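Here is a friendly briefing to keep open beside your viewer.

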Amino acid sequence: MGRTYAIRTFGCQMNEHDSERIAGLLESDGYQRASVLEEADVMVLNTCCIRENADNKLYGALGRLKAVKAERPDALIAVAGCLAQKDRELVRERAGHVDVVFGTHNVHRAAELVDHARRHGPVVEILAETVREDAEAFPSALPARREAEHSAWVTIQIGCDNSCTFCIVPAVRGPEISRPFGELVDEVRDLAAGGVSEVTLLGQNVNSYGRDLALSRRGSANGNGASAAGDDAWWCGSDWLSDRRARPLFADLLRAVGEIDGIRRVRFTSPHPKDLRPETIAAMAEVPAVCEHLHLPLQSGSDAVLRAMQRGYTAERYLARLRAAREAVDDLAVSTDIIVGFPGETEEDFVQTLEVAAEARYDSAFTFIFSPRPGTAAAEMIDRFVPHDVSVDRYERLRRVIERSSRLANEARVGRVEEVVVEGPSKKDPSVTTGRTRRNTLVHFGSPPGGVPPTGTYARVEIAAAAANFLQGALVDIEAPRAAASQASSGRRLIPVAVAAT
Ligand code: SF4
């Protein structure tokens, strides 16, 4: 066996997607994946400073790897991601046994930097920003080693132009840069040709997709850039050009991607509530491939707290957009993110969050107790920090409200037949199959006689029971495995089965 690598990922979906790219780059460079981090020749820690305790987790893991490095000095340790971007030289100051440090703007250099460290010793390379012209800087433009062959993430935009006071993303990922429309459509077409049937469009604020492209195009038109022909080639692949709008909308992208032969599920994360446009809702309602699931981060139900967070909407505006989405999109599932205990949050503020959460009837929610991220404005609001025991109490009360609506939403599915895409065997019982509905709900069901079907198989499952976080059911039929590219959504062959509900 040649040289090996392993990656531990600490963060969000964007971060996990970066890890896929780092894996793809290292594999293109001849490395093979090791299953145990400590046994690999290259040990990569891909960090994320959005999640709580990122520093502790990273430096704790590096502390444990110190003994490995002492035993195998030729093995390399690399630290990547948001925390590396933020801490820069500090990573090597605190952990001198680290060989490579690179940030969020130069993921595409992972293999080169590892090679450099092997030949010349430790290297720290943190770029201040992504260079637009450097197409490789976009994670999706790099080779990837996907975890599931039927499903792929596609980065449509990196960075963020907002300034939510609790969030470190603008500081570590930089301003928004959108990928050219035609390039994205081509990428999804290639993925579909390779057997992918489900794509998730990724961006920090997908609804502002294209805003920067308009500015850049205007720059080109003023004589700073490409010729008209070259410029249009860069933008190609959409109808929006013909109707003379200034830029492509996210809705145009949903429509273009949803029409690609072989793509049966389109998901996206996340739209900012202030930028959720009627066009996006219309595209969700009208494009069959776009899944009936909207992740719409609320963060707080109090207007005072939303102002302090600099979120740019009120609770009423948020609810109005949610109502519009529910009215337009049949059977829509809604999930959210909520922070409790933001600096200055009063009991009255929190009760407003409970009220909005109850009215929103979420199918699921990621709830967090506020924890200050160094480098953000909220981290400076020390005199307004909410005592931890108060936050814990609020967190528990919110959890109960969310759990109630999740349970009710799931119970309403009992008796229905749902389309489920198989993810693999259940973690608790490997004889049981687990998959996801279009509404992104986890479903466990009895496997067919041949055992758990291959990951990515489409099945229909009759729902027999519901809990707050998952459904259980009985398999009705499964589709014959799909040959890459050739099988569009029509003409599917169904294999009926009869098995008991789990
Ligand atoms: S929209 Fe706000 S929370 Fe989301 S990435 Fe941008 S700054 Fe952070």
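Ser270 sits in the loop between strand 11 and helix 11, where helices (H or I, at least four residues) and strands (E, at least two) are DSSP runs numbered from the N terminus. The peptide bond that leads from Thr269 to Ser270 is cis, with omega near -5 degrees. In general, most residues other than glycine have a negative phi, and most peptide bonds are trans.

This is a predicted model, in which local features need pLDDT of at least 70 and side-chain atom pairs count only at pLDDT 80 or more, while totals for chains, interfaces and linings use all residues. Residues are numbered from 1 along each chain as its sequence is written.

**Overall picture**

- The protein holds 15 helices and 20 strands.
- Of its 502 residues, 47% are buried, that is, they have 20 or more other C-beta atoms within 10 Å of their own; exposed means 12 or fewer, partly exposed lies in between, and C-beta atoms are placed from the backbone.
- Among contacts between residues at least 6 apart in sequence, 72% join residues at least 24 apart; a contact means that the two C-beta atoms, placed from the backbone, lie within 7 Å.

**A covered helix**

- How many residues of helix 10 (residues 250-258) are buried? The count is 9 of its 9 residues, and the helix is mostly covered.
- Among these buried residues of helix 10 are Asp252 and Arg255, along with Phe250 and Leu253.
- The cover over the buried residues of helix 10 includes helix 7 (181-193), strand 10 (198-202), strand 11 (265-269) and helix 11 (278-286).

- An open sheet of 3 strands has the order 12-13-14 with parallel pairing; two strands pair if DSSP finds at least two bridges between them.
- Strand 12 (293-295) and strand 14 (364-369) are the edge strands, each with a single partner strand, so one side of each has no neighbour in the sheet.
- Neighbouring strands of this sheet are turned by 10 degrees against each other on average, direction ignored; axes are lines fitted to C-alpha atoms, for helices over the stretch in contact, and angles run from 0 to 180 degrees between N-to-C directions.
- Strand 13 (residues 333-340) joins strand 14 in the parallel sense over 6 bridges, and Ile339 stands opposite Phe368 in strand 14.
- Helix 15 (residues 388-411) lies across strand 13 and strand 14, and runs at about 180 degrees to strand 14.

**A hairpin and its parallel neighbour**

- Strand 16 (residues 432-437) and strand 17 (residues 442-446) run antiparallel and are joined by 5 bridges; Thr434 faces His444 in strand 17.
- The hairpin of strand 16 and strand 17 has 4 residues between the strands, and Asn440 takes a positive phi near 75 degrees there.
- Strand 17 also pairs with strand 19 (residues 470-479), in the parallel sense over 4 bridges, and Val443 has Leu471 of strand 19 as its bridge partner.

**Around the ligand**

- Which residues surround the ligand? They are Cys160, Asn162, Cys164, Cys167, Val169, Pro170, Gln204, Asn205 and His272, where near means that the C-beta atom, placed from the backbone, lies within 6 Å of the molecule.
- By class, this shell has 5 nonpolar, 4 polar and no charged residues; Ala, Val, Leu, Ile, Met, Phe, Trp, Tyr, Cys and Pro count as nonpolar, Asp, Glu, Lys and Arg as charged, and the others, Gly among them, as polar.

- Arg88, in the loop between helix 3 (82-87) and helix 4 (90-94), has a positive phi near 50 degrees. Arg88 counts as partly exposed because it has 15 C-beta neighbours inside 10 Å.
- Gln310, in the loop between helix 12 (303-309) and helix 13 (315-328), has a positive phi of about 60 degrees although it is not a glycine. With 14 other C-beta atoms within 10 Å, Gln310 is partly exposed.
- Leaving aside neighbours within four places in sequence, Ala40 is in contact with Thr4, Tyr5, Ala6 and Ala34.
- Glu39 is found in the loop between strand 2 and strand 3, and is partly exposed with 13 other C-beta atoms within 10 Å.
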